[in-house]
Amino acid sequence: MSSSSGPLTEELQCSICLDVFTDPVSTPCGHNFCKTCLNKCWDNSQTCNCPYCKETFKQRPDLKINTTLRELADHYKVKSAVKNPEEYVCHKHKRPLEMFCRDDQTCVCLMCAVKEHKTHNTVSLEEESEEKKTQLMKTQKDVQQMIQDRLKKIQDIKHSAQISKTFYTEMLELIDKQQKAAEKQEHELIEGLEQEITELEMRNTELEQLSHTEDHLHLLQIYSSLCSPTNTRNWPEFSMKTHESLENLRRSLTQLQGTLHEKLKLTELKWMQQYAVDVTLDPDTAHSNLILSDDGKQVRHGDLTQKLPENPKRFNFLVSILGNEGFFSGRFYFEVQVKGKIDWNLGVVRESINRKGDIPLNPGNGYWTVVLRNGNEYKAFADSTVSLSLSVKPQRVGVFVDYEYGLVSFYDVESSSHIYSYTDQSFSGKLYPYFSPCLNNGGKNSSPLIITPVSYNT
């Protein structure tokens, strides 16, 4: 916790101590608190939940300091000190502190500073004071500009989302209104036509009967009324473009939906990429036919079996390998290049899996994977094998895991398209990234799997 003068903004304020953040951390639900405040709150409670939205976490999250938020908070404290130096008073001279010390950047008394400079025969007070003021003004402007830039980005994102939502809603309302009006007009036209047809059929029947009468006087008396025009509508004056208008509206909506769908795909993948983790391969788990790069980022199948020490963590049948680090809470994401391969397996596994023998790659055995076979057959192994129909062959695959929500999702990174998701899963223990380049297949599948840095989509 920290105490700082100056007004607090909602973005930099801890909702527990109601002060500027010190070592801010984020909960899985997205709210921010001082690390000390949140730990004290959880230490005094039997359950771990968010003090702001009350969401309960099954396990106590591993809190990591939000360095960006901490930087903003620290700058804000500096800015507050610059704007309100009168709140700091020299105990010796009973007057406000007026400048920053050159060494530790804290406010000092001007009279003390003068005495100190005279004693040490340093640069004149006027020169140093002017230099300090210039530095402080520059620091203040930089902090203000940083905060304004961050706030503007947040407002731009909110504004764009609101505009898209409003436009989409208005389009749906307009189409619904147009469709109802068109349906009403068509209904009225059909009713009118049916009524006129009925009237004409009745006249035709009467004329047919009169054609056989021998009472010519009666025929002359009613002939004029039967042959007079009916009170019909002038049908040609009605515009019959209702269907065409609806088709144009539907076409526009389809295009709009396509555009929004593409934007949503990019937004979804970009959101997941913020949980990117640095994954390296664990050689202690590698099958003896696998060859790893020196940096632990690439793996391929070799033709020769290597002599490796026995290890209970090592795969002895599946040509597979795990990542070094496991995860037992929160969200994580990584990307793997699969370019040039005709067979591969990717996903995550439970730490307690059986690594000896031929094990089916399904959730029941602790495997959540997507695989490629024969160059174009993509599959997932849920309760039964699921064949996946992909319009584009992925060159880079992203894997996202939300531990608490039981979700494992796979994405084609370049097209930002969803490949497959395991949902409503129940995880226990650590989950490890899982890789298998599969067999070399006489050189046809010699390309390695490469763990690539995450390049954020825009």
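**View 1. Salt bridge between Arg331 and Asp402.** In this predicted model, where local features need pLDDT of at least 70, side-chain atom pairs count only at pLDDT 80 or more, and totals for chains, interfaces and linings use all residues, the side chains of Arg331 and Asp402 meet in a salt bridge at 2.7 Å, N to O. A salt bridge is a side-chain nitrogen of Lys or Arg within 4 Å of a carboxyl oxygen of Asp or Glu. Arg331 belongs to strand S12 and Asp402 to strand S17, so the pair ties together parts that are 71 residues apart in sequence. Helices (H or I, at least four residues) and strands (E, at least two) are DSSP runs, numbered from the N terminus. Asp402 is buried, with a relative accessible area of 6%, whereas Arg331 is partly exposed at 23%. Buried denotes under 20% relative accessible area, exposed over 50%, and partly exposed in between (1.4 Å probe, protein chains only). Residues are numbered from 1 along each chain as its sequence is written, and side-chain values use heavy atoms, with hydrogens and water left out.

**View 2. Salt bridge between Arg396 and Glu335.** The closest N and O atoms of Arg396 and Glu335 are 2.6 Å apart. This pair links strand S17, which holds Arg396, to strand S12, which holds Glu335, 61 residues apart. Both Arg396 and Glu335 are buried.

**View 3. Strand S17 and its partners.** Seven of the seven residues of S17 (residues 396-402) are buried, so this strand is largely enclosed by the rest of the structure. Arg396, Gly398, Phe400 and Asp402 point one way, and Val397, Val399 and Val401 the other. Strand S12 (residues 331-337) runs antiparallel to S17 and is joined to it by seven bridges; strands pair if DSSP finds at least two bridges between them. Tyr333 has Phe400 of S17 as its bridge partner. Six bridges join S17 to the antiparallel strand S18 (residues 407-412), with Val397 opposite Asp412. S17 and S18 form a hairpin with four residues between them, and Gly406 in the turn has a positive phi of about 65°.

**View 4. Cysteines without disulfides.** A search of the whole structure finds zero disulfides, defined as pairs of cysteine sulfur atoms within 2.5 Å. For Cys14, the nearest cysteine sulfur is that of Cys17, 3.8 Å away. For Cys29, the nearest is that of Cys50, at 3.5 Å. Cys14 is buried, with a relative accessible area of 0%, while Cys29 is partly exposed at 23%.
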